[in-house]
Amino acid sequence: MARIVARTGESVAPLPGWEWLATTAGAVDTPSALPGEGWREAVMPGTVAGTLRRQGRLTDASAAAIADQDHWYRTRLGEPLAGVLRFEGVATLTEIWIDGEKRAESVSMFMAIEIAVAAAAGAEIALCFRALNPRLAAAPRRSRWRPAMIQPNGLRWFRTTALGSAPGWSPPGLPTGPYRPIWRVERDQTAPAITAIDLKTTYEGGTGTVALTITLGEALAGIGPVTLNCAEAAAPLRLTAPNTLTGTLTLPGIAPWFPHTHGEPALHGLTVTLGSETIDLGRIGFRSLAVDRGADGQGFGLIVNGVPVFCRGACWSSADVTALAGGRGAYEPWLRLAREAGMNMIRLPGVMAYEDDAFLALCDELGLMVWQEMALANFDYPQADSGFRDAIRAEADQLLDRTQASPSLVVLCGGSEVFQQAAMLGAPPEAWSGPVFDEILPAALADRRPDIAYVPNSPSGGALPFVANAGVTHYYGVGAYLRDLDDARRAEVRFAAECLAFANVPEEVSLSSGHPPAITHHPDWKRGVPRDASASWDFEDVRDHYLGRLYGLDPIRLRREDPERYFALSRATVAEVMEESFAEWRRPASPTRGALVWLLQDLQSGAGWGVIASDGEPKSAWHGLKRAFRPVQLALTDEGVNGLAIHLINEKPQALATHLELTCWRDGRTAVVKARREIALEARSARTLSAFDLIGRFFDISYAYRFGPPGHDVTSAVLRDADSGAVLAQAFHFPLGRGHERHDLGLEATLEAQGEGWTLLVSVQRFAQSVEIVDPHWRPQDSWFHLAPGEPRRIRLLARRTAPSRPAGLVRAVNGLLDASY
């Protein structure tokens, strides 16, 4: 059913007063046999782990034990109910008892359930979540391959998330319990009841169209005119069957929905007037979508409203992996930080869980495209089993029905690394896919969401599913495979649905609590560092490799002798690697049409994959991505004997008049070359210039010719708005490498009041590398940036929850000897 804000004549309220009890698996058959003692208040909606956390009893051992026990939840109706109980999500083997009668069973955490109820006040509602581990042990074991990342292999038979079953990166504990809301629903029996909605929107040639079919629970005798209303226009809905109404509303000149990087994410209210009732169907958006396969037919890119879009962003994990929290309040802080960083796409991977309707509603509002994967990952799923196929079909139908009004949903993908896992373990190509991916999911999409793209699996599309130069890949050449940074270009990435996974060190404000301790050899620190369960290395080793390459230091020795500097250079490293990789992928000549970083947020405290820490604090990687993702962008790439290429991008719908300035610095403080040019950037355009052309003479700007000692050690480029002089973007190049020498930079920081807030003015007399702002109570909007002499930067400071009236902190640079306090 479509996302509906309010149905006609319907009253919806949560069921309060839930309590929880764990029992030995199989020991209690019915609610009447439950003991009267030992019950505790339950977190609702939530999981058993969430309840244990609130009680202060959540440990690795207690989390692991959840799947060995049965878990009972119960409450009583405070008032009589003649209506429906709606269960939005229950995990996973669930029995629903109403007044001592078992009314339903569920074997999927991904399916909502509705039960008609006529019960008096005081009637007991009980849920039993049966122990999953015994069922996993009894599941058929034979399969063509067994993934090492997710355990045990029996999970492939059950419709539950991989969270809690991926040792090495996910906290232990299978999600169990009523993790989505439970509603009591009552209807005014005199009002028409909507039983189904089919809603489709199109956008073509500047005209939006919405086609709607609604099915009612009874015939429409004497109901009066029925109209479909949007954007101050209306169209009649006509009777096409005794209880079915259909109509189409055409809206010339309607504002289309764009990802926020390329335009406005325009949304429009949609209602149906049904006699004297008005039904609010929420907000909808109009957009067209096409897939660009490239000249060779091997690529993957999205075209929104006729505009090619470079998709960039991150992969979602969970707003709260312990409780599997949903709702606007849980999602909004994370998604707003994603938008602030310039992300325009969020991928929901197959190893996680589906999010609720508020997630897509926020993405609609914020202009964030959504790549949604089915909860299928890595396993050799029993696709020959008709029951399994039916379960996936029902799951896809329900998912697409409830998201049919969302313009932000642009990709449905069959799942994560199923094809890759099969190929890497030696299975032949005919074994990679199957009827779920080839037939069931494409058919569901064609029926319910023909306006979005389908990807059979992530990765897929090449001679091997994971090759980078065809289809969709998971790119870890720069990253886990320890390739040089120029592999980002050499690999000819077409679309990376995930990439650039590092153990990203949280900022000092996140580590100040001591959980985990900021000691990298401590077991609690290593607990938060992701790793492949069967590998002899972890992702901290990956980050250390690039620290050594960028700064010419032995990371092991540095970690031992100067842990504070080790952390600083570790943070700088990931920001630098991400900026440089995206500079390659976004340049005009690149075949890459999108790349999504793994992950957006950490699942637990520590140096996880997330570019945002588990406490919601952006890390250095987030700041690097924020610069790499700017819609108006300037980037430099080293072209060897061809010098530096200057890439200019304007994704905005307006043309820009700009000034481009290039400066080469010797010893970080003497400008040995300066060049400047006025450049008109057309709307939604990109171009590449040669630094040689801009300078107008030979200067060994990339230090490729080496006719003598180097003439400079850093190049800075600035793109300014021609009218205001405001800096639109900056970029830097280090012809001799970044190095590890430190100097007196003349670093200064001045606090300035700005309205009711504060800004920080930072300046240097000598080039400053990876400038960090440290403040326990105020978050800087920019950090880990480079700063050239004569280019002071104003940074807005945003108050955290416990911020005092005046900020106080320090500013430092990785190549600086002295900090500056404010």
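I compared the radius of gyration, taken over C-alpha atoms, with the globule rule of 2.2 Å times the number of residues to the power 0.38. For 822 residues a compact globule would have a radius near 28 Å, and the chain agrees because its own value is 28 Å. I noted that this is a predicted model, in which local features need pLDDT of at least 70 and side-chain atom pairs count only at pLDDT 80 or more, while totals for chains, interfaces and linings use all residues. Residues are numbered from 1 along each chain as its sequence is written, and side-chain values use heavy atoms, with hydrogens and water left out.

I found that 59% of the 822 residues count as buried, meaning under 20% relative accessible area with a 1.4 Å probe and protein chains only.

Next I looked up R593, which lies in the loop between α14 (563–586) and β29 (594–597), and which counts as buried at 17% relative accessibility. Its side chain makes a polar contact of 2.8 Å with that of D292, the term standing for a pair of N or O atoms within 3.5 Å, one able to donate a hydrogen and the other to accept it. Among the residues that R593 touches are F300, P308, C311 and R494, a contact being heavy atoms within 4.5 Å.

Finally I checked for disulfides, defined as pairs of cysteine sulfur atoms within 2.5 Å, and the count is zero. C311 is buried at 0% relative accessible area, and its sulfur is 12 Å from the closest cysteine sulfur, in C315, too far for a bond. C413 is in no disulfide either, with the nearest cysteine sulfur, that of C315, 11 Å away.

Technical notes:
Helices (H or I, at least four residues) and strands (E, at least two) are DSSP runs, numbered from the N terminus. Buried means under 20% relative accessible area, exposed over 50%, partly exposed in between (1.4 Å probe, protein chains only). Lists of a residue's contacts leave out its neighbours within four places in sequence.
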